[in-house]
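Have the viewer open and follow along.

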Amino acid sequence: MEFNYNLNEIFQNYISKVCNTLLPADFNGDRKRASHVASQVADIVDSMGLASAKAQGLHHPITSAEKSRNCDHTLYIMIDPRENHGNGSVVGILKMGVKHLFLFDATGMVHEKETLCVLDFYVHESKQRTGLGKIMFDYMLEDKDTVPCKLAIDKPSQTFLSFLNKHYGLAKIYPQNNNFVLFEGFFDEKRDVSSSLESLENSYVSEKSRHEKEVRDNNQSVTDRREREDYLPHLYGRHTAFKPHDTMGDIIGDGSTGHNQSPTRNGE
Ligand code: ACO
C-alpha cells in the first residue's frame, strides 16, 4: 500500500514495532517530529486496518489508530523500502495482544490464563503468497520469545488457518466456546500428564507407606503384646514362685542369668 510521504523517513527497518504511542520503537526525534510521525503512523494504521477488515469480510476494522492508542497491543508493520519510487510501501500488519481468557483443554477442563493472542494479520493483496507473511510472523515469534502453538488466534480466517498449517504444522484444534482458536501443544499436555502421574505416584507411595506403617505398628503392638504375654507366664505357675537373688550372676555380671541390671564390679 502506497502513501504520499516517504515511509523510509518513518521506519528504519523492514519490520517495525509500534505500540500505543504510535511511534516506531526505534524512533529518535524531538516532540514536534514525534507528533508528526505519530500522525503519519496513525494514517498508515487506519488504512491498513480498513484493508485488513475488507480482506476478511468484516464490517468494522479490528485495527485502528484510536484502538492502538488505547490498548496495550503490539503492532508490527512491514514495509518494502524500494517501492513507490523509493518512498516505500506498506506490505502488512500483525497485531498482538494479551487477553484474559477462559480456555478449555482436551479433557474439557477450564484454564483461566493471560494469553498472548494474534488479533489481526494482513498482507497486502499484491504481496500475498510470496512468503512475506511468514517473515513477519517469525519476526513476531522471536520478538515475543514464543512458538506458534502457544498463541490463541482470534477468529482466524481460512487463509490464516492454511498459513498456520503450512508453515508451522498446526492442524489439531481445541474447540473453545469463544472466538479464539487454540492448537494442540497450547497446554503443557506432557507436563500435565506427568505431573498428574507424579501426584498419583506420590499418593500411591504415601498410601503404601501409610499401609506399611500401619502393618509395622500392628506388628509392633503384636510383638509388644507377645512380649508382654511372653512375660505374663512369669506371673503364673512356677514362675510366680519367689526366686532368690542370684549372687553368682551378680558376680559374673554377664547378664546370662537375666540379672543384667546388676552393678558391675566397678559399681558402674
Ligand atoms: N488462500 C488460501 N491460502 C492462503 C491464501 C489464500 N488466498 N493466502 C495465503 N494462504 C496461506 C497458504 O497456506 C499459503 O501457502 P500456499 O501459497 O502454498 O498455498 C501460505 O498462506 C502463504 O504463506 P505466506 O506467503 O507467508 O503468507 P502471506 O504473505 O500470504 O500472509 C495472510 C498470510 C496474512 C493470512 C494473508 O494471506 C492475508 O492477509 N490474508 C487475508 C487476510 C486474512 O485472512 N488475515 C488473517 C485474519 S485472522 C487474524 O488476523 C487473527
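Reader: What volume does the second largest pocket have?
Author: Bear in mind that this is a predicted model, where local features need pLDDT of at least 70, side-chain atom pairs count only at pLDDT 80 or more, and totals for chains, interfaces and linings use all residues. Residues are numbered from 1 along each chain as its sequence is written, and side-chain values use heavy atoms, with hydrogens and water left out. On a 1 Å grid over the protein atoms alone, a pocket is an open set of points with protein on both sides within 12 Å along at least five of seven lines, while a cavity is a set where a 1.4 Å probe fits but cannot get out; lining residues have an atom within 4 Å of a point. With volume taken as the space filled by probe spheres set on the points, joined across faces, edges and corners, the second largest pocket comes to about 190 Å³.

Reader: How many residues in the lining of the second largest pocket are nonpolar?
Author: Among the lining residues are Leu58, Ile62, Asp154 and Lys155. Ala, Val, Leu, Ile, Met, Phe, Trp, Tyr, Cys and Pro count as nonpolar, Asp, Glu, Lys and Arg as charged, and the others, Gly among them, as polar. Beside 3 polar and 2 charged residues, the nonpolar ones number 4.

Reader: What is the volume of the largest pocket?
Author: The ligand takes up the space of this pocket; a molecule sits in a pocket if more than half of its atoms lie within 2 Å of the grid points. Its lining divides into 11 nonpolar, 10 polar and 7 charged residues. The volume is about 730 Å³.

Reader: Which element gives the largest share of the shell around the ligand?
Author: The shell has 23 residues, each with a heavy atom within 4 Å of the ligand. Helices (H or I, at least four residues) and strands (E, at least two) are DSSP runs, numbered from the N terminus. With 6 residues, the largest share comes from α5.

Reader: Which residue has a polar side-chain atom 2.6 Å from an oxygen atom of the ligand?
Author: A polar contact is a pair of N or O atoms within 3.5 Å. Gln128 places a polar side-chain atom 3.4 Å from a ligand oxygen, and a polar backbone atom of Phe121 is 2.7 Å from a ligand nitrogen. The residue with the 2.6 Å distance is Ser162.

Reader: How much space lies in the largest cavity?
Author: The count comes to 1 cavity of 30 Å³ or more. Residues lining the largest cavity include Val18, Cys71 and His73, and by class the lining has 5 nonpolar, 2 polar and 1 charged. The space in this cavity is about 40 Å³.

Key
Polar contact = N/O pair within 3.5 Å; in protein donor to acceptor, adjacent residues only side chain to side chain.
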